[in-house]
Amino acid sequence: MAGRLIVCPTPIGNLGDMTPRALEQLRAADTVCAEDTRVTGKLLAHFGIEKRLERLDEAAITHQAGRVAQRVAAGETVAFCSDAGMPGVSDPGARLIEAVRDAGGDVSVLPGASAAVTAYVASGFNNPRFFFGGFFPRKDGERRAALASIAALDAVSMFYESPRRIASALSSVAEAFPDREAAVCRELTKVHEEVVRASTSDLRDEFMRRDEEQGGVKGEIVLVIGPPTHDERHRVREDANDAAAKHARVLAAEGAHTRKEIAKILRDEFGIARNDAYDLAMKA
């Protein structure tokens with residue numbers, strides 16, 4: 001009989017968010033693999049579940065994912081739990097899921113708590129699209145590159161961040177997006193849950209003040225950056241059109257392309273509208 005891997009989400013703070021189906025599957029599993037056996041052990045004990053636990057953290061999973069996949073293929077039912085939230089979202093579980101699927105094993109993903117999705121809704125930004133970038137980079141240069149890569153996205157952008165670095169992270173965000181709003185979603189679903197939304201500069205100032213006066217903040221944090229403003233989108237379109245116009249003149253001077261070909265090149269490279277691209281090609 002074929003086994004399977006059960007991807008089992010756990011609460012991000014409130015134990016009441018553990019689903020009956022997840023508890024049922026944990027009880028039925030032959031083995032529970034966990035990012036941290038101490039954390040998952042406490043969870044299982046709370047719900048009266050006695051199960052063999054194996055540690056599969058960042059270090060172990062690289063070497064052991066293949067072995068677990070073989071056990072699943074041989075008929076074992078293995079449940080995997082992260083410390084909190086949905087396994088596979090910015091944690092080692094992604095490699096285990098990949099290994100089992102690559103080996104042709106069956107993977108069942110249970111729905112459940114996710115800090116990123118909860119923060120997206122809690123932040124209150126009215127945009128139907130969101131981008132999740134995992135953990136926010138630590139180094140200034142990498143932060144600037146990450147923020148530049150999402151500048152043109154018409155979406156809400158989210159990153160996990162450490163409470164020790166949230167003030168400096170907000171400084172980078174305020175520098176990159178001075179006209180936007182952002183939100184810090186902290187300790188979601190827990191007793192001291194907090195969602196602070198303001199302009200990026202005001203948010204930066206608030207958490208710098210907390211660093212100076214309170215020694216910082218504690219808890220799990222999701223940093224949510226609002227979508228581009230109307231003025232920002234207008235500037236991006238103008239910059240793209242200016243760059244496309246310059247490129248159109250270069251292509252026209254070469255004499256190797258038709259107007260239609262130039263228009264297609266402009267659309268592909270600068271993402272501008274078909275009619276705008278053709279107008280630029282005609283002018284060039």
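**Close-up views of the sheet and its surroundings**

**View 1. Arg-4 stands opposite Thr-77 in strand β4.** The model shown here is predicted, so to speak of local features a pLDDT of at least 70 is needed, and side-chain atom pairs count only at pLDDT 80 or more, while totals for chains, interfaces and linings use all residues. Residues are numbered from 1 along each chain as its sequence is written, and side-chain values use heavy atoms, with hydrogens and water left out. Strand β1 (residues 4-7) and β4 pair in the parallel sense over 4 bridges, where pairing requires that DSSP finds at least two bridges between two strands. Strands are DSSP runs of E with at least two residues, helices are runs of H or I with at least four, and both are numbered from the N terminus.

**View 2. Strand β4 (residues 77-81) is mostly covered.** Of its 5 residues, 5 are buried, a word that stands for under 20% relative accessible area, with exposed meaning over 50% and partly exposed the range in between (1.4 Å probe, protein chains only). In a regular strand the side chains alternate between the two faces of the sheet. Thr-77, Ala-79 and Cys-81 point one way from β4, whereas Val-78 and Phe-80 point the other way. Strand β2 (residues 31-34) also pairs with β4 in the parallel sense, over 4 bridges, and Thr-31 stands opposite Val-78.

**View 3. An open sheet is formed by 5 strands in the order β3-β2-β4-β1-β5, with parallel pairing.** Because β3 (53-55) and β5 (106-109) stand at the edges, each with a single partner strand, one side of each is left without a neighbour in the sheet. Neighbouring strands are turned by 25° against each other on average, direction ignored. Helix α2 (residues 37-46) packs on the sheet, touching β2, β3 and β4, and its direction makes about 155° with that of β3. Axes are lines fitted to C-alpha atoms, for helices over the stretch in contact, and angles run from 0 to 180 degrees between N-to-C directions; contact means heavy atoms within 4.5 Å.

**View 4. The structure holds 0 disulfides.** Cys-33 is in no disulfide, and the nearest cysteine sulfur, that of Cys-81, is 9.3 Å away, whereas a disulfide is a pair of cysteine sulfur atoms within 2.5 Å. Cys-33 counts as buried because its relative accessibility is 0%.

**View 5. Ser-172 has its place in helix α7 (residues 166-176).** With a relative accessible area of 12%, Ser-172 is buried. Not counting residues up to four places away in sequence, Ser-172 touches Asp-140, Arg-143 and Leu-147.
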